[in-house]
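Visitor: I have a structure open and would like to learn how to read it. Can we start with exposure and rings?

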Amino acid sequence: MTVSQAIALLTERIQSELLVNVINILVTIAPIFLAIILFVIFWDLWVRYVRSKQVFSTKYVVLELKLPKDTFKSPQAMEVFLQSLHNTADGSEYAQYWKGETRPWYSLEIVSIEGTVKFFIWAEEQRKAGIMSALYSQFPEIEIREIEDYTKSIHADPKVTRIWGAEFMFTKDNAYPIKTYIDYGLDKDPKEEFKVDPMLPLLEFLGSVPVNQQVWIQILIMAHKKQRKSKDWFRKTDPWEDEAKEIVNKILIRDKVTKVAGEKIEGTNFTRMPSISKGEEEIASAVERSQMKHPFDVGIRALYIAPKDEFSTPFGVGGIISSFKHFSSNQLNGFKGNTKKWHPRLDNPWQDFHNMRRNRYGRLVLDAYKRRSYFFPPFKGVPMVMNTEELATIYHFPGSVSATPNLTRVPSKKAEAPANLPV
């Protein structure tokens, strides 16, 4: 046997032994890899299962809020109430991943049933007492009563009823706030005749809903919480805060670089232009003010329900979309309808054979509304981040300046009986 043949035989034997060793190692660790793969695949299913079980076992209530005949408090009173709903407690890991517990979420709802406008709050039954006490503390004359869920009366029957629904999204990043009641001067409690309330156009639209038609609006809220960043597991970060800091820093850094604004340019009679514009200064101020208040994850959903032959796209769909534009600002943020999720435009007849897609979307969005599902499956959405000031702007009790005739109010003021009444 030559040297080359011996080397070839030795190499073949080493490769054979190495292959056997590799196979043995793979067989040994295969159960571990299989367990990891199965864990990754089924973990989400398990979490979804325990959460669904928890949701279905929890009792929920719908509280109808009847407004006082005269409401003189500014939306700041509603902001104080909303602060009481800010609860970031997720519970222990055992409670979250074995029992399925989550942060509590609520649904603030404004509904028009044939033109009668009503305010509702949907929540867990165990939180009913806390909600009522917090509301009474700010609105002593309000009337609160538990009712049967009004959504149960509507069913998706495409032969009789047509349902359109959409969710709203921001026009800019979350860090930009919307135009709030403070921007409208409502925090100063002006006289009723001088109030400019951005919520009034929405209420007027809801009050004009015809007979046999309904418009539902729900604002789902859950306390916003910082998330762990994958690159730094031990430090919690918040994209909402990071975006805000970036916006403000860009403005302030540019201001610092050109701080000599107003001074004369050497060798000329001209002065330097201001470093930042008035609009940029207002943006920085609004963003900084927004960061000082409690944030919520928010999902806004709206439905228009009408008999098939009376459904009006310009009135119902157009009215809902345009009513939210009064909270918008070109410099800051605003709302736009995310109609692609539930009702994409189907202008051509071949896009929707016999309205099959439109009917399916209507059935799904009605189910999502009834379940108040947004932050978790089965109808998980992408939440906006809004603070209490912004939420109080789009959900508060209007004063007597509101001319909506069908806005449900308490017919008279409540007062204690005089102490000197004869027995």
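Visitor: Is Trp98 buried or exposed?

Guide: This is a predicted model, so read every value as computed from it. A residue counts as exposed over 50% relative accessible area. Trp98 has 54%, so Trp98 is exposed.

Visitor: What about Trp46: buried, partly exposed or exposed?

Guide: Partly exposed covers the range between the two cut-offs, 20% and 50%. Trp46 has a relative accessible area of 30%, so Trp46 is partly exposed.

Visitor: How many aromatic pairs are there?

Guide: Look for rings whose centres lie within 6.5 Å. The count here is 20 aromatic pairs. Trp46 and Trp98 make one of them, with 5.4 Å from centre to centre and 45° between the planes. That pair is tilted.

Visitor: Where in the chain do Trp46 and Trp98 lie?

Guide: Trp46 is in helix H1 (residues 3–57). Trp98 is in the loop between helix H3 (93–97) and strand E2 (105–113). They are 52 residues apart, and the pair links distant parts of the chain.

Visitor: Why is the pair of Phe119 and Tyr395 edge-to-face?

Guide: Check the angle between the planes. Over 60 degrees counts as edge-to-face. Here the planes stand at 65°, with the ring centres 5.5 Å apart, so the pair is edge-to-face.

Visitor: Which parts does the pair of Phe119 and Tyr395 tie together?

Guide: Phe119 belongs to strand E3 (residues 116–124), and Tyr395 to the segment after H11. The pair therefore ties together parts 276 residues apart in sequence. Now check exposure. Buried means under 20%. Phe119 is at 0% relative accessibility, so Phe119 counts as buried. Tyr395 is also at 0%, so Tyr395 is buried.

Visitor: Which residues does Thr388 contact?

Guide: Skip its neighbours within four places in sequence. Thr388 then contacts Glu79, Leu82, Gln83, Lys293, His294 and Phe296. Thr388 lies in helix H11 (residues 388–394). Its relative accessibility is 0%, so Thr388 is buried.

Visitor: Why is strand E5 called largely enclosed?

Guide: Count the buried residues along the strand. Strand E5 (residues 161–170) has 10 residues, and seven of them are buried, so the rest of the structure largely encloses E5.

Visitor: Which strands pair with E5?

Guide: Follow the bridges from strand to strand. Seven bridges join E5 to strand E9 (residues 295–307), in the antiparallel sense. Arg162 has Ala306 in E9 as its bridge partner. Four bridges join E5 to strand E10 (residues 335–338), also antiparallel. Phe170 stands opposite Phe335 in E10.

Visitor: Which ring cluster includes Phe170 and Phe335?

Guide: Trace from one ring pair to the next. Ring pairs link Phe168, Phe170, Phe324, Phe327 and Phe335 into a cluster.

Visitor: Which charged residues sit over rings?

Guide: Look for a charged end above the face of a ring. Arg162 lies over the face of Phe311, 4.1 Å from the ring centre. The charged end of Lys172 sits over the ring of Tyr176, 5.2 Å from its centre.

Visitor: What does the whole protein come to?

Guide: The protein has 11 helices and 11 strands. Of its 423 residues, 41% count as buried. Its accessible surface is about 24,200 Å², and 57% of that belongs to carbon and sulfur atoms. Last, take contacts between residues at least 6 apart in sequence: 81% join residues at least 24 apart.

Conventions:
Residues are numbered from 1 along each chain as its sequence is written. This is a predicted model: local features need pLDDT of at least 70, side-chain atom pairs count only at pLDDT 80 or more; totals for chains, interfaces and linings use all residues. Side-chain values use heavy atoms; hydrogens and water are left out. Helices (H or I, at least four residues) and strands (E, at least two) are DSSP runs, numbered from the N terminus. Buried means under 20% relative accessible area, exposed over 50%, partly exposed in between (1.4 Å probe, protein chains only). Contact means heavy atoms within 4.5 Å. Rings of Phe, Tyr and Trp (its six-membered ring) pair if their centres lie within 6.5 Å; planes under 30 degrees apart count as stacked, over 60 as edge-to-face and the rest as tilted. A charge sits over a ring if NZ of Lys or CZ of Arg is within 6 Å of the ring centre and within 35 degrees of the ring normal. Accessible areas come from the Shrake-Rupley method with a 1.4 Å probe; for residues, only the protein chains shown count as cover. Two strands pair if DSSP finds at least two bridges between them.
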